[in-house]
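Hello,

I am passing this structure on to you, and my notes follow below it. Please have a look at it before you read on.

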Amino acid sequence: MGRLKVNLCGLEMDNPIIPASGTFGFGYEFAELYDINVLGTFSFKGTTRDPRFGNPTPRIAECPMGMINAVGLQNPGVEKVISEELPKLAKCFNKKVMANVSGFSIEDYAYTCERLDKEDQVGWLEVNVSCPNVHGGGMSFGTSPEAAAEVTRAVKAVTTKPVIIKLSPNVTDIVSIAKACEQAGADGISLINTLLGMRIDLRTKKPVIANKMGGFSGPAILPVAVRMVYQVSSAVSIPVVGMGGVSCAEDVIEMMLAGATAVEVGAANLVDPFVCKTIIEELPRVMDRYGIKNLKDIIGGAH
């Protein structure tokens, strides 16, 4: 299986497949279905400083070629994640895990990342800057290069492990934000987070989900994600983790040709819980079909 190996921010992975945060829980739920050690790693449920109940229901709306969700970062808070979730994960996963962190202030991000950085199980910190800045008028940290860079600097100041900044696609110029994060010390960039979407129920004539709008994900967003991964990987010299609409081995290869070192799989896990295992099993056959000897050789191959 050596031909599937990639190196992400200095850590070697058996393959580039990473279930995306929010679609794989804390891992042990999926370990009841198959041996999750076949994965490259996975990004665990978005974790905040304090516990969060999340948004009111309904939180999910289906749509053609995708779904809209507004779960609202429901999680038990970083202290419970460290004391309860990670010990459970350790019983079924023997690789480094990617810790996904969210926050509503610079202090939130720094505190949560500093706590998780001390955990031996954590290999990377994936910092989601798509959250509303409570001290900045509610605008997402990820919508301005300055705000994204400020989060990056604050997290890097209190951590030792690779910091990967997860960017929102709901911006005019994603490249300037990625470059600002790189200049502020980011070790990698992951993208794209969900697009903003909405559905309206024709019978009630009201939005389907209680939050009105939510994150649109699924196969429909793949072309947008490939485009943004291509643009960002052209502009930065740090690794890019690509995601958005990936559901098969061919999609993974397309993402890597666009410039991704590793590839996250999100909404597809909610449709087929075995999808990541299937993709890993299918990759060698698809590689043979397209004359690819080693996956790491094709990173950015479309440039």
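Helix α6 (residues 222-235) packs with helix α7 (residues 249-258) at an angle of about 30 degrees, and their axes are 8 Å apart. Helices (H or I, at least four residues) and strands (E, at least two) are DSSP runs numbered from the N terminus. Axes are lines fitted to C-alpha atoms, for helices over the stretch in contact, and angles run from 0 to 180 degrees between N-to-C directions. Angles under 35 degrees count as roughly parallel, and α6 and α7 are therefore roughly parallel to each other.

In α6, L222, A225, V226, V229, Y230 and S233 meet D251, E254, M255 and A258 of α7, where contact means heavy atoms within 4.5 Å. By class, the contact of α6 with α7 has seven nonpolar, one polar and two charged residues.

A word on the source: this is a predicted model, where local features need pLDDT of at least 70 and side-chain atom pairs count only at pLDDT 80 or more, while totals for chains, interfaces and linings use all residues. Residues are numbered from 1 along each chain as its sequence is written, and side-chain values use heavy atoms, leaving out hydrogens and water.

Now for some backbone details. Most residues other than glycine have a negative phi, and most peptide bonds are trans. C9 is not a glycine, yet has a positive phi of about 55 degrees; C9 lies in the loop between β1 (6-8) and β2 (11-13). The peptide bond from T57 to P58 is cis, with omega near -5 degrees, and P58 sits in the loop between α1 (28-31) and β4 (60-63). Another cis peptide bond runs from L191 to I192, with omega near 10 degrees; I192 belongs to the loop between β9 (188-191) and β10 (195-197).

Best wishes

Terms used. Angles under 35 degrees count as roughly parallel, over 145 as roughly antiparallel, 65 to 115 as roughly perpendicular and the rest as oblique. Ala, Val, Leu, Ile, Met, Phe, Trp, Tyr, Cys and Pro count as nonpolar, Asp, Glu, Lys and Arg as charged, and the others, Gly among them, as polar.
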